[in-house]
Amino acid sequence: MTQAPPLLRLMSELRSAGLPIDITKYLLLLRAIEGGFGLDPEALKSVLRAICVHSEADARIFNRRFGRFLVEAGAATFAEETATLREAALELPREVQQTFTRLMTDGSEAVGTEQVLRHILHVASDSGEPEALAFTDVAVSPRDYMPVTRRQMRQNWRYLRLAARRGAPVEFDAHRTLSKILREGAFVDPILVPRRVNQAELVLLLDVHGSMSPFRDLEQRLSETAVDGGRFKRVRTYYFHNTVDPFVMTSPAFTDGLPLRHLLERTSASYTAVVIVSDAGAARGSQNDVRVEQTRVFLRSLARAGVRVVWLNPVPRERWSRSSAGLIERSVPMFEISRLGMDRAIAALKGKRVG
Amino acid sequence: MERSKEPLAQELTELRYTGTKQPPLGAVDSDGRRLFPYIPTPELIDAANLAIFLQRPLLLRGEPGCGKSLFASAIAYELNLPLEIWSIRSTTRAADGLYIYDAIARLRDAQFEAVMRSLNPGGQPSRSSIGDFEARHYVRLGPVGRSFQAERRGVLLIDEIDKADIDFPNDILDLLENRSFPIEETGELVTAKHPPVIIVTSNDEKELPEAFLRRCLFANVAFPDPARLEAILRAHFGEPPAALLERALRRFQELRSRQEQDTYGGVKKVSTSELIDWMRVLLRSPAGAADALASGKSYPHPSVLIKRREDLEFAEGPMGAEAGEADYGPAPRDAL
């Protein structure tokens, strides 16, 4: 053999194109072929789709690559690929062989799967082509760099849980039931109380345009994860530029607005959490007294409404002191947008109140 | 020593789903559930067979009403396998699928016994021995538990998994891979003699975790093309009158195309199941329905198909207006 087996190459390409493919999927593909699936191009496409493609976007990428692959692979017989790997496995220590055989038999994954396969693939593609080892690399594209991942954000939002007992009585209250038993001498009926339901409502105030333009994706992510990951009773998102005037905007295009007063009227002192996302001047490093004063006025109206407030700043902490952010920080709990910063912000929202 | 793979492979390759065996009209299964014919796409058939052979869960995605959940019953019917259904709700926890231990009933029974004895000191106890209050009598297996205990390999449908919270799919992942679980209260270990064929459906309301997605095979249940829609209707209703069938399908497609063009997007489009329900109603008086469909833009019995005000306005024709009012009441003035 002078190059990596064709299916392995295809899987590597798909993986570089962004599909969620790992080495066990390649193994799955080989097992399927051994089982008699995918023996002609249409069938192979079907098998690959079932194994690798789970979204519309991925489907489009896959279709393109697969089309090209068929053309390039020509008359290659894919059924041989498994045989090739089995042969390669024979050249390795016995335990490795056994693990490989077991993996191919029932696909149960064990510790060391990766190592075993890496060994075999290394032998199988003795040209040492990088694709053969591509599965073990972790590809991080710069576009994906974010200080907090979506999953972490969702977890943070879920921690913001302000629960109260609401709704139909369905939960067993052991304490009260036991007291009743002691009083009456017999157990007849359990005492049920309503479940604790999350009453937290989130209001997101996002600073957009100008110095905040580079953080647009981050803000969008915060907004989306709050809606789909948090278990809030309600999430409202509003936009502003540099300072919160009497008006907040309901869309980033600033086409429609709402007086701040109205927003605050529909909040609850116990359960509404307001999260402001803004650099507070730290991105440009400027100190603007008018901006600081306007912000303070705004924060005071929040305080009067009694809602919980925190400020999230996408700019790292060390740059705050030389700008308006350093001053605003004295009036409101301000946190970096990092894993730790968000943890702390949520903790502050749960524990403390402004005003 | 290599584990002999022949017997297992043989059993598995014997299970080959073709999508050609349909239940007779009006049939019910052993649990009394109605059985419906199912016309799968070739893609779905392949996916099902892969899932059976590779022993991986099959994740079905698609619009509501397009027959994701029914696919599991179709497979179970053709291959003559027992079917267990686990319908997921927002409050479902992984443990619920395994078993439920009714501690309160146990406490109450023991308490009741004690009260009865104290009221009737010399009399016969209602339960013969303390053994009757043993924990194992109060264990009720859930769908996963039952499918593990089955004597034959069965089909396990985990329906609408995206309704549960974000950790749920990963919790059940461990469950399904281990193929056994302990019943804490009795110390018994339930092991799957024959791991079930697992079908998971999702309405895409929430994203599913990566670890879970990596474990599954995928298939998309797409909205059927006109030819398949016709085949589905024929399979459900025998041979409906040709004129009625053709006009109903055309009218249905018009509505659907309009909904697809709707700029507000994300709107719920009429689905296969609604078409089937509509057809059922139309067939009650086929001649009248065929006439009604022939004239103008009207839709007889619109409430079966149409769930939104905007679509009702579209459907309102000379006869549709009256029909619409009969279903919804007079239109309000100046609806904002």
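## Salt bridges and helix packing in a predicted model

Arg165(A), Glu171(A) and Arg195(A) are joined to one another in a network of salt bridges. The model is a predicted one, and a search of the whole structure finds 25 salt bridges over all chains.

**Salt bridges**

- Side chains of opposite charge can pair when their charged atoms come close.
- Arg108(B) forms a salt bridge with Asp189(A), and the closest N and O atoms of this pair are 3.7 Å apart. Because Arg108(B) lies in helix α5 of chain B and Asp189(A) in the loop between α10 (174-184) and β2 (192-198) of chain A, the pair joins two chains. Arg108(B) is partly exposed, with a relative accessible area of 34%, and Asp189(A) is also partly exposed, with a relative accessible area of 41%.
- Within chain A, Arg291(A) forms a salt bridge with Asp279(A), with 3.9 Å between the closest N and O atoms. Arg291(A) lies in helix α13 (residues 289-305) and Asp279(A) in the loop between β7 and α13, so the pair ties together parts that are twelve residues apart in sequence. Both Arg291(A) and Asp279(A) are buried.
- Within chain B, Arg146(B) forms a salt bridge with Glu84(B), the closest N and O atoms being 2.9 Å apart. This pair ties together parts that are 62 residues apart in sequence, because Arg146(B) lies in helix α6 (residues 143-149) and Glu84(B) in strand β2 (residues 83-87). Arg146(B) counts as partly exposed at 37% relative accessibility, whereas Glu84(B), at 19%, counts as buried, since the cut-off for buried is under 20% relative accessible area.

**Chain A and its helix α15**

- Chain A has 15 helices and nine strands, and 47% of its 355 residues are buried.
- Of the contacts in chain A between residues at least 6 apart in sequence, 70% join residues at least 24 apart. The accessible surface of chain A is about 17,400 Å², and 52% of this belongs to carbon and sulfur atoms.
- Helix α15(A) (residues 339-351) has 13 residues, which at 1.5 Å a residue should span 18 Å, and this agrees with the 19 Å between its end C-alpha atoms.
- The buried residues of α15(A) are Gly341(A), Met342(A), Ala345(A), Ile346(A), Ala348(A) and Leu349(A). These residues cover an arc of only 155 degrees around the axis, which puts them on the same side of α15(A).
- Among the elements of chain A that cover the buried residues of α15(A) are α9 (150-159), α11 (216-228), β7 (272-277), β8 (308-313) and β9 (334-336).

**Helix α9 of chain B**

- Leu229(B), Ile232(B), Leu233(B), His236(B) and Phe237(B) are buried in α9(B). Seen down the axis, the buried residues of α9(B) fall within an arc of 105 degrees, so they line one face of the helix.
- An α-helix has 3.6 residues a turn, so residues three or four places apart point the same way.
- The buried residues of α9(B) pack against α10 (242-261) and α11 (272-282) of chain B, and the helix is followed by Gly238(B), whose phi is positive, near 70 degrees.

**A nonpolar patch on chain B**

- Phe112(B), Met116(B) and Leu119(B) make a nonpolar surface patch of about 340 Å². Met116(B) lies in helix α5 (residues 103-119) of chain B and counts as partly exposed, at 37% relative accessibility.

Conventions: Residues numbered from 1 in each chain as written. Chains lettered and ligands numbered in written order. Predicted model: local features only at pLDDT ≥ 70, side-chain atom pairs only at ≥ 80, totals over all residues. Heavy atoms only, no water. Helix = DSSP H or I, 4+ residues; strand = E, 2+ residues; numbered from the N terminus. Buried < 20%, exposed > 50% of the residue type's maximum accessible area, 1.4 Å probe, protein only. Contact = heavy atoms within 4.5 Å. Areas by Shrake-Rupley, 256 points an atom, 1.4 Å probe, with all protein chains shown as cover. Expected span 1.5 Å × (residues − 1). Arc of directions from axis to C-beta. Patch = residues over 30% accessible without salt bridge, like charges linked within 9 Å, V, L, I, M, F, W, Y side chains within 5 Å. Salt bridge = Lys/Arg side-chain N within 4 Å of Asp/Glu carboxyl O.
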